[in-house]
Amino acid sequence: IRNCHSYNKFIPQEIFRLAKEDLALFLNRLFSDDGWCTFKSHEVGYATASEQIAKSLQHLLLRFGIVASLGYKENSKKGSWWLSIKGFDNLNKFKNNIRFIIDYKNENLNKCLNYLQSKQNQADILPIPKFKNTLFNLSQPYVSAYDLIVPCVQKNIFASSAFLDLF
């Protein structure tokens, strides 16, 4: 890891085998150093030049039930991958399991959670009753969730999104 460019770096396989509390400590230090929490967009984020690190972090966060979006943006160098954790449930899981070691980042996280809780987390609610007759057959009891990366309208920006498939 020391003798390679930032875009070739990766998270060692040993990290994937850590106990949950040790993994939380690893993620705590990683997000405390290179991550952020912003009230403006109500998110915890992380940026890296390494696609492999971004995708590995997305995978590792799932061990805590945290769903993170992944995106890519070209820049004057090799480009940048970003990871975004949004929504009351995901941010609350981040707070309860990982947190930051830096006070102002934890304060921002608490502000985000208080704001989102006051809004009843409406951003994460799918208005199924409005569309149930046209989009979904709700008599089916099974749901599949998918995450994909799609190009956005803006130049060289990609974003990850999730959708549900009722079958």
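Reader: In what order do the elements of the chain run from the N terminus on?

Author: They run α-α-β-β-α-β-β-α-α-α-β-β, and the chain has six helices and six strands, where helices (H or I, at least four residues) and strands (E, at least two) are DSSP runs numbered from the N terminus. This is a predicted model, in which local features need pLDDT of at least 70 and side-chain atom pairs count only at pLDDT 80 or more, while totals for chains, interfaces and linings use all residues. Residues are numbered from 1 along each chain as its sequence is written, and side-chain values use heavy atoms, with hydrogens and water left out.

Reader: How do you know that C37 is in no disulfide?

Author: A disulfide is defined here as a pair of cysteine sulfur atoms within 2.5 Å, and by this rule the count comes to zero. For C37, the nearest cysteine sulfur is that of C112, 4.0 Å away; from the side of C112, the closest cysteine sulfur is in C37, and 4.0 Å is too far for a bond.

Reader: What makes C37 and C112 buried or exposed?

Author: Buried means a relative accessible area under 20%, exposed means over 50%, and partly exposed lies in between (1.4 Å probe, protein chains only). C37 has a relative accessible area of 6%, so C37 is buried, and C112, with 0%, is therefore buried as well.

Reader: How do you know that the span of helix α5 agrees with its number of residues?

Author: The expected span is 1.5 Å times one less than the number of residues, so the 16 residues of α5 (residues 103–118) should span 22 Å, and the end C-alpha atoms are 23 Å apart, which agrees.

Reader: Why are the buried residues of α5 said to line one face of the helix?

Author: The buried residues of α5 are K105, N106, N108, L109, C112, L113 and L116. Seen down the axis, they fall within an arc of 155 degrees, so they line one face; the arc is that of the directions from the helix axis to the C-beta atoms. The face turned away from that buried side carries the exposed residues D103, Y104, N114 and S118.

Reader: What do the buried residues of α5 pack against?

Author: They pack against α2 (20–34), β1 (35–38), β2 (43–48) and α4 (88–97), with contact meaning heavy atoms within 4.5 Å.
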